[in-house]
2 protein chains.
Amino acid sequence: MQRKEFPIDCSLCSHLKDSLFNGLQPEDLSRINNHKTCIQYKKGQNIFYEGTRPTGLFCINGGKVKVFKNNIQGKEFILYIAKPGDFLGYRALLSEEFYGATATVLEDAKICFIQKDNFLEVLQKNPVFMRKVVKEVCKQMGIMEERMAELAHKSVRERLAANLLMLKESYGMEGEDSVLLDIALSREDWASLVGTATETVIRLLSDFKADELISFEGKKIRVLDPKRLAKQADLIVA
Amino acid sequence: MQRKEFPIDCSLCSHLKDSLFNGLQPEDLSRINNHKTCIQYKKGQNIFYEGTRPTGLFCINGGKVKVFKNNIQGKEFILYIAKPGDFLGYRALLSEEFYGATATVLEDAKICFIQKDNFLEVLQKNPVFMRKVVKEVCKQMGIMEERMAELAHKSVRERLAANLLMLKESYGMEGEDSVLLDIALSREDWASLVGTATETVIRLLSDFKADELISFEGKKIRVLDPKRLAKQADLIVA
DNA sequence: ACCTAAACCTGATAAAAGTCATCTATTTCG
DNA sequence: CGAAATAGATGACTTTTATCAGGTTTAGGT
């Protein structure tokens, strides 16, 4: 498990514009920049573990990461899939708790780590940044509330369709007449995301494929008919 | 629908010590105090509606309130049950979105309303208070993540047991050898909380009663055997 | 107190989804 | 390259839970 560092300057980071650090004063950004460590991770490596104490903030520069909880039987439930520009691990950092979930690399990643103190100090002395962080956290919470209600009332089929559309928003690459989800998830990961068994996901994805709602492209999925997929998701009983 | 106001001074409020306003500078607290309106609500009245724009913050002085989302078929899912000292509606206020849920009074309530501007200004000029709010929001988020994973992987029986224990923490009144849940929820509300059908809740509660895990006391539930209930909740397959 | 509506309960049935077993395809790695 | 491990797929079966339909009890309003 080698830790390969790579050099990068926050102010030149191509994901700065998508990040919460966007708009930070140059002096604050350089403070962040000067106190960070950037490491390359391979698929399958863990960034942090549920039950451990956060010591800083992770900022994704490249690759994809899943954040999940394990239940007693070891079944995963995926809370988020993070992409470049996203912060990782700030929830537990700000609530001063242990990590509530584990983060594992889905696709080879470059991730910068900012020491807790540096991040918190920049946060404290910069009310505008603080306000942005609060806004983002509350927005995320709204998304979670939505997802929770779905989990409570929608069928697995509906949830799978909803998740396909959700990933289309974040990872969709527009083709002509269809959208490729630029993220390689195993059937097991799909099951962890939707909250169901792997076999059920396999069956439902085949159904969707048979109905020409999606097609498979290697490990990736192409969304052929978002509208009909939305109908599957929305429980439009009609 | 009469709006009956009642007079109260924040600094003398018996729930101040449980509230996020606790520790606020006297001048800030008095600013909040001077710009609030306190109203009495009857059971069944709504505080705010999903899809509308927040104009301020609600602070519960007495009674209980459920915050829920409605799905397309009109089935409710209860996100929180708020009690005196709790803030209501701050999530949407801080994320600058419309309300994502509806709030309805479960037990006659006294609720203070603080105009958005006043709250936000006190928040902005008071980094310590801001930090407390962030901490609380992130803590809530952790709770939601936990609940979401439960929803994804636990059976209805387990979730009902878990919710009984959860409400025991917030509303439990210790008796000798048992704990009364001091909150009157209808079977339908229990179903909305657990994420299941009303009939299923009825059956499972009867089961739990037959197993002498709980007993009924009017509309309230007495927890007789928290330990065995925890076993029901925890999915200790063994 | 009485009437009505709502809440609560029970049983029968059906649908959804989980589990288990097995088999095939695809990676991975020595 | 070939063996082994992992991922994907499919069928049979079981369990869980929702739904529907019918009851009874309780609560609220006049």
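1. Of the 238 residues of chain A, 39% count as buried. The model is a predicted one.

2. Chain A has eight helices and eleven strands. Its radius of gyration is 19 Å, close to the 18 Å that the globule rule gives for 238 residues, so chain A is as compact as a globular protein of that length. Along the principal axes, the C-alpha trace of chain A spans about 55 × 40 × 40 Å.

3. Now the interface. Here 34 residues of chain A are in contact with 35 residues of chain B. On the chain A side, strand 5 (76-82), helix 2 (90-95) and helix 4 (127-153) each give two or more residues. Helix 4 of chain A gives the most, with 18 residues. By type, the chain A side divides into 17 nonpolar, seven polar and ten charged residues.

4. Helix 4 of chain A packs against helix 4 (residues 127-153) of chain B. The angle is about 20°, and the axes are 10 Å apart. Angles under 35 degrees count as roughly parallel, and therefore helix 4 of chain A and helix 4 of chain B are roughly parallel to each other. The crossing is left-handed.

5. Which residues make the contact between these helices? From helix 4 of chain A they include Met130(A), Val134(A), Val137(A), Met141(A) and Leu151(A). From helix 4 of chain B they include Met130(B), Val134(B), Val137(B), Met141(B) and Leu151(B). The residues of this contact divide into 20 nonpolar, no polar and two charged. Arg147(A) and Arg147(B) are among the contact residues.

Key
Residues are numbered from 1 along each chain as its sequence is written. Chains are lettered from A and ligands numbered from 1 in the order in which they are written. This is a predicted model: local features need pLDDT of at least 70, side-chain atom pairs count only at pLDDT 80 or more; totals for chains, interfaces and linings use all residues. Two residues are in contact if their C-beta atoms, placed from the backbone, lie within 7 Å. Helices (H or I, at least four residues) and strands (E, at least two) are DSSP runs, numbered from the N terminus. Ala, Val, Leu, Ile, Met, Phe, Trp, Tyr, Cys and Pro count as nonpolar, Asp, Glu, Lys and Arg as charged, and the others, Gly among them, as polar. Axes are lines fitted to C-alpha atoms, for helices over the stretch in contact, and angles run from 0 to 180 degrees between N-to-C directions. Angles under 35 degrees count as roughly parallel, over 145 as roughly antiparallel, 65 to 115 as roughly perpendicular and the rest as oblique. A crossing is left-handed if the near helix is turned anticlockwise from the far one by less than a right angle, and right-handed if clockwise. The radius of gyration is taken over C-alpha atoms; the globule rule is 2.2 Å times the number of residues to the power 0.38. A residue is buried if 20 or more other C-beta atoms lie within 10 Å of its own, exposed if 12 or fewer, and partly exposed in between; C-beta atoms are placed from the backbone.
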